[in-house]
Amino acid sequence: MADRRTRPGACNLCEAMCGLSITLRDDQIIDIRGNDHDPFSQGHICPKAVALQDIHDDPDRLRLPVRRTPSGWQQIPWDEALDVVASGLAGIRARHGADAVAVHLGNPVVHSLGALTHAPAFARLLASRNRFSSNSVDVLPSQFVSYLLYGHQWLIPVPDLDRTGYFLVFGANPAASNGSLMSAPGVTRRIRELRARGGRMVLFDPRRTESARLADEHHFIRPGTDAAVMLAMVRTIVEEGLARPPAYVDGLEDVRAAVEEFTPERVAAVAGVPARTIVEIARAFAAAPSAACYGRTGVSTQRFGTLAQWAIQVLNLVTGNFDRPGGVLVTQPAVDLIAGGQLSPGHYGKWHSRVRGLPEFGGELPVAVLAEEILTPGEGQVRGMFTVSANPVLSTPAGHVLDRALGELDFMASVDFYINETTRHADVILPPTDLLERDHFDLFFSLFTIRDVARFTPAVLPKPAEARHDWQIISELARRYQEHLPPHERRDQPALHLTPEQILDHGLAAGPYRLSVAELRRHPDGLDLGPLRPSMPGRLRTATRRVDLAPPVLLAELARARAELLTPRPAGELLLIGRRHLRDNNSWLHNSARLVKGRPRHHLLMHPDDMKARDLAQGDLVSVRSGAGGIEVEVTASEDLMPGTASLPHGYGHALARETLSIAGTLPGASANDLTDPQYLDHISGTAALNGVPIVVSPAAGVS
């Protein structure tokens with residue numbers, strides 16, 4: 001008889017970290033649903049969780065290493081694959097120097113316990129200054145601001161969503177993301193509970209999003225003007241005597257002087273938000289018994305992303321809502337990567353990119369410079385590449401240019417279980433086990449939960465005999481790579497000699513709750529460690545244990561950007577923004593048939609008035625052009641868009657992988673990042689401006 005059993009699991013596809021109840025018959029998945037006993041997610045899951053089965057069963061998923069040959073991809077043994085990669089990377093270093101090998105760590109690295117414990121250590125072993133990640137198309141402005149204000153790039157305050165009385169949101173869509181830098185499974189329920197207890201949610205976004213439909217108020221705002229609106233709110237609060245920052249906060253008068261020109265009237269003309277609305281919301285936020293201001297990728301990935309994230313922190317600080325129940329607080333996780341020193345506090349400008357001279361932050365360069373570092377000849381040119389769970393051809397600016405650049409490399413290797421738009425350029429692909437075949441603990445995202453929680457999830461399915469975990473691949477690769485280096489270039493990375501469970505156990509024992517993996521195994525549904533608690537100024541990592549509201553580097557950036565921030569955009573201009581859907585996960589869940597079925601989601605959305613002005617009709621194929629490139633895509637009319645704004649989802653355009661992704665490769669749609677421009681950045685952090693991109697839309701050639 002078949003062995004039917006139910007095991008607790010975890011969905012680590014997004015930041016919500018939902019607990020699962022997975023029913024197996026022998027080792028076949030027959031059911032995935034939310035775990036009602038999980039104290040954090042309380043039975044909630046979204047459609048992505050059931051796609052874990054699709055990933056596991058996907059015939060396109062690699063199980064063993066493959067090598068690219070003139071006659072196509074060929075499966076090769078692990079020993080051969082690891083030797084080829086080790087010698088290929090070491091050979092480029094020997095001929096051209098360590099900086100000739102670039103490394104790119106993708107977003108899924110921080111969703112995998114083993115990848116997170118081992119991939120950064122291997123990146124350090126490579127000793128290259130050409131290190132890249134998804135941060136510079138995502139969270140980097142938040143990191144930069146926390147580094148300046150709080151002394152550590154990952155000391156990012158989290159909205160106390162379950163207790164706040166006023167939730168002010170800019171450029172975030174938690175109903176689709178499940179909360180980001182604010183892990184909140186069941187976030188739509190939590191927002192409804194906020195309103196049921198008499199609280200308010202106010203949201204600013206150029207699109208009436210899924211989250212906007214949950215809010216008490218939604219206000220359209222022109223893309224790229226969030227910083228100006230928030231600084232006008234700060235000005236109102238300070239000028240009207242409503243500021244009440246904590247005693248350990250300095251710089252209020254410097255902020256007052258810096259925002260003097262951001263009057264609600266001037267900002268209204270730029271942002272399309274009435275001056276009265278700006279003033280009323282500023283007053284309501286300051287007067288609320290508790291309030292939290294929050295913004296995510298919509299404000300981070302724009303021209304003024306760092307200033308926008310700074311303004312968010314200033315709003316929370318000057319109103320006394322920092323480190324306060326119902327406001328924003330930092331977590332005290334079971335494994336404290338900040339106190340333990342495993343995460344760097346950050347540094348800025350220690351080196352610069354070779355071609356354009358952009359500064360590093362936290363040891364990484366902006367990914368917007370990657371293509372030029374490959375294509376530009378000269379000393380220090382990138383000639384080799386190592387990627388882990390990354391698809392920058394679809395996720396970074398001017399992906400079509402990067403696609404061409406990757407084809408010019410002397411050698412490339414990837415740790416990934418798909419041959420996608422990026423890894424198709426690899427000479428060798430080393431596939432790790434899938435998400436259900438690994439143990440899991442959310443080391444990184446425990447820093448951003450709305451409650452302190454801890455859950456260790458043993459692998460639900462056994463690891464196939466010939467398969468290797470991501471950490472096993474990286475550890476063995478590191479050993480073989482070191483053998484090719486001269487002794488003086490070898491570096492010891494202690495983490496590479498340990499298992500993820502050993503590293504985790506040490507972190508738990510050193511953490512604030514003195515836990516262990518054994519203790520967590522006795523609580524398979526997870527432990528609720530309580531609501532977020534005030535911890536300031538003790539948790540600050542600044543030299544003075546105080547917060548400077550007005551760091552000179554941010555005041556200088558504001559002075560540089562002030563004229564552009566306060567100048568209205570040209571009449572009739574169309575600005576592109578992104579779009580997220582609950583069934584999407586960046587670029588890599590489109591090979592699940594159950595997630596891509598239904599109404600097409602790849603269309604360009606435009607306001608009906610903007611379509612009429614361009615003689616466009618519903619469903620037309622249109623040409624979309626920017627300063628960086630062009631695409632063709634169908635257009636759909638939507639009054640959910642602010643006039644002057646168009647929206648295209650990120651992660652589509654899989655034609656390049658048509659032969660290796662049998663479902664994704666057949667989907668219509670184009671890559672939004674064939675329109676984004678690697679020269680169009682947040683000036684101070686180098687984050688790509690993926691939102692607010694000027695575009696021209698017209699009927700596609702041959703369409704009348």
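One term before the first stop: a residue is buried under 20% relative accessible area, exposed over 50%, and partly exposed in between, using a 1.4 Å probe and protein chains only. Keep in mind that this is a predicted model, where local features need pLDDT of at least 70, side-chain atom pairs count only at pLDDT 80 or more, and totals for chains, interfaces and linings use all residues. Residues are numbered from 1 along each chain as its sequence is written, and side-chain values use heavy atoms, with hydrogens and water left out.

**Stop one: a loop residue.** Select Thr209, in the loop between strand S10 (200-204) and strand S11 (217-219). Strands (E, at least two residues) and helices (H or I, at least four) are DSSP runs numbered from the N terminus. Is Thr209 buried or exposed? Thr209 counts as buried because its relative accessibility is 2%. Show its neighbours too: leaving aside residues up to four places away in sequence, Thr209 touches Asn173 and Leu203, where contact means heavy atoms within 4.5 Å.

**Stop two: the sheet.** Now select S11, S10, S9 and S13, which in that order form an open, parallel sheet of four strands. Two strands pair if DSSP finds at least two bridges between them. S11 and S13 are the edge strands, each pairing on one side only. From one strand to the next, the twist averages 15 degrees; axes here are lines fitted to C-alpha atoms, and angles run from 0 to 180 degrees between N-to-C directions. Zoom in on S9 (residues 166-170), which pairs with S13 over four bridges.

**Stop three: the cavities.** On a 1 Å grid over the protein atoms alone, a cavity is a set of points where a 1.4 Å probe fits but cannot get out, and lining residues have an atom within 4 Å of a point. Volume is the space filled by probe spheres set on the points, with grid points joined across faces, edges and corners. There are seven cavities of 30 Å³ or more.

Select Ile156, Pro157, Gly295, Gln309 and Gln313, which lie nearest its centre among 16 lining residues. Helix H12 (305-318), along with H4 (140-150) and S13 (292-295), supplies at least two residues of that lining, and H12 gives the largest share, four residues.

Last, go to the second largest cavity, with about 120 Å³ of space. Its lining includes Met17, Phe40, Asp442, Arg455 and Leu527.

Definitions and conventions: 1 Å grid on protein atoms, 1.4 Å probe; cavity = no way out; pocket = protein on both sides within 12 Å on 5 of 7 lines; lining within 4 Å.
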